[in-house]
Amino acid sequence: MIDYRPFIDCLGDTALSHWQAPLAEQLAQLFAQLNDGNLPRFLKQLDVLPNLSDVKIDLDTVALSSGKPLSSEQKNQLENALRGLIPWRKGPFRFFDINIDAEWRCDWKWTRVAPHLSDLKNRTILDVGSGNGYYGWRMKAAGARLVAGIDPSWLSVVQHLAFNHYVGDTSHVVLPLTLEQLTPEINAFDTVFSMGVLYHRRSPLDHLNELRGALRPGGELVLETLVIEGGEREALVPPGRYARMNNVWFLPSPQALALWLEKVGFIDVRIVDVTYTSTEEQRNTDWKPGQSLTDYLDPDHPNKTIEGLPAPLRATLIARKPDDQQRLRRYQLD
Ligand SMILES: C[S@@+](CC[C@H](N)C(=O)[O-])C[C@H]1O[C@@H](n2cnc3c(N)ncnc32)[C@H](O)[C@@H]1O
């Protein structure tokens, strides 16, 4: 239904070549058993994207432009197709004359995270919970060789295809998979990102362990998640919903999260950013109508969620998987 073969071919001359066969088989099975009523509706929007010439791509700003002005018919076609893929939670994207002002200013998060990353040039990257691939484009702009986003949301998969319709980059995909479904112990990605996923996992340490399994020895993990203020022994388990979300399990303090990372075998753990989410960074827009952060906060106490819990605070941690020498030394010490 979606042709991932060109991406699977790209894996061939990388350290990920052993992933080609299991991935191809997994995707074939997934599409053979697929019974999702929404996907055909989303894919239909791609068929009506206008074909345009003289396309210019700026991945730093995730923007497309054309040397030739779009006709009003082309503009209408484009706008209808992109509106058929609402809600746009992650962005901003620019599709020619259309600015997709998404719910989240992902460019702000990238600005906080990017200065702390090892150089992404030529790296192979796994982006767990990639959403529509916004950050993947920023990683490609920074020189990444290959970006495999994984996200179980078909809307995200198709939004990514819409942008890639004009970019035509076979080395950047959003695969319709969860981390738990990913081939275990790939042990080969240079960098693994997990941003905005950990708090959705009932077993956060298993999540960290699975992230570790995807990395090559010496590879870098970038972990971003909701946290609370507190000491290294503190974590919040919301009794019911958190900011109206019913799938939030563990919000550790940044220090507790650093300990969890060490516990599952990461080294060189650094807390590089801790920031409260503002109602300017997450808000409803024309491209994501309905409720957003202001509706999830207590109107009288904006430092609390509507449920009376601490308002959303997010931390980014960077850690490394030990290389084989370091593992050996650790083992001898234990
Ligand atoms: C809060 S969004 C974060 C998106 C993006 N990484 C960011 O930081 O803005 C969480 C995303 O993770 C995806 N997701 C949820 N559980 C997942 C899992 N087990 N494996 C991979 N992705 C998952 C969701 O579909 C959603 O797109």
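Begin with the second largest pocket, which holds about 230 Å³ of space in this predicted model. To locate its centre, select Asp3, Leu161, Asn164, Asp169 and Val173; of the 15 residues that line this pocket, these are the closest to that point. Next, colour helix H1 (5-10), helix H7 and strand E9 (172-175), the elements that each give two or more residues to the lining of the second largest pocket. Helix H7 provides the largest share of that lining, namely four residues.

Keep helix H7 selected and proceed to the largest pocket. Helix H7, residues 154-167, is among the elements that supply at least two residues of the lining there, and with three residues H7 gives the most to the lining of the largest pocket. The other elements to highlight are strand E6 (104-105), helix H5 (106-113), strand E7 (124-128) and helix H10 (293-296), each of which also supplies at least two lining residues.

Now display the volume of the largest pocket, which contains about 1,100 Å³ of space. Its lining comprises 43 residues, and those closest to the centre of the pocket are Arg89, Lys90, Gly196, Tyr199 and His200. By class, the lining of the largest pocket consists of 19 nonpolar, 13 polar and eleven charged residues.

- Glycine 129: here a backbone N or O atom lies 2.6 Å from a nitrogen atom of the ligand.
- Aspartate 151: a polar atom of the side chain lies 2.6 Å from an oxygen atom of the ligand.

How much of the ligand's area does the protein bury? Taken alone, the ligand exposes 600 Å², and the protein buries 85% of that area.

How values were computed: Residues numbered from 1 in each chain as written. Predicted model: local features only at pLDDT ≥ 70, side-chain atom pairs only at ≥ 80, totals over all residues. Heavy atoms only, no water. Polar contact = N/O pair within 3.5 Å; in protein donor to acceptor, adjacent residues only side chain to side chain. Areas by Shrake-Rupley, 256 points an atom, 1.4 Å probe, with all protein chains shown as cover. 1 Å grid on protein atoms, 1.4 Å probe; cavity = no way out; pocket = protein on both sides within 12 Å on 5 of 7 lines; lining within 4 Å. Points joined across faces, edges and corners; volume = space filled by probe spheres on them. Nonpolar A, V, L, I, M, F, W, Y, C, P; charged D, E, K, R; others polar.
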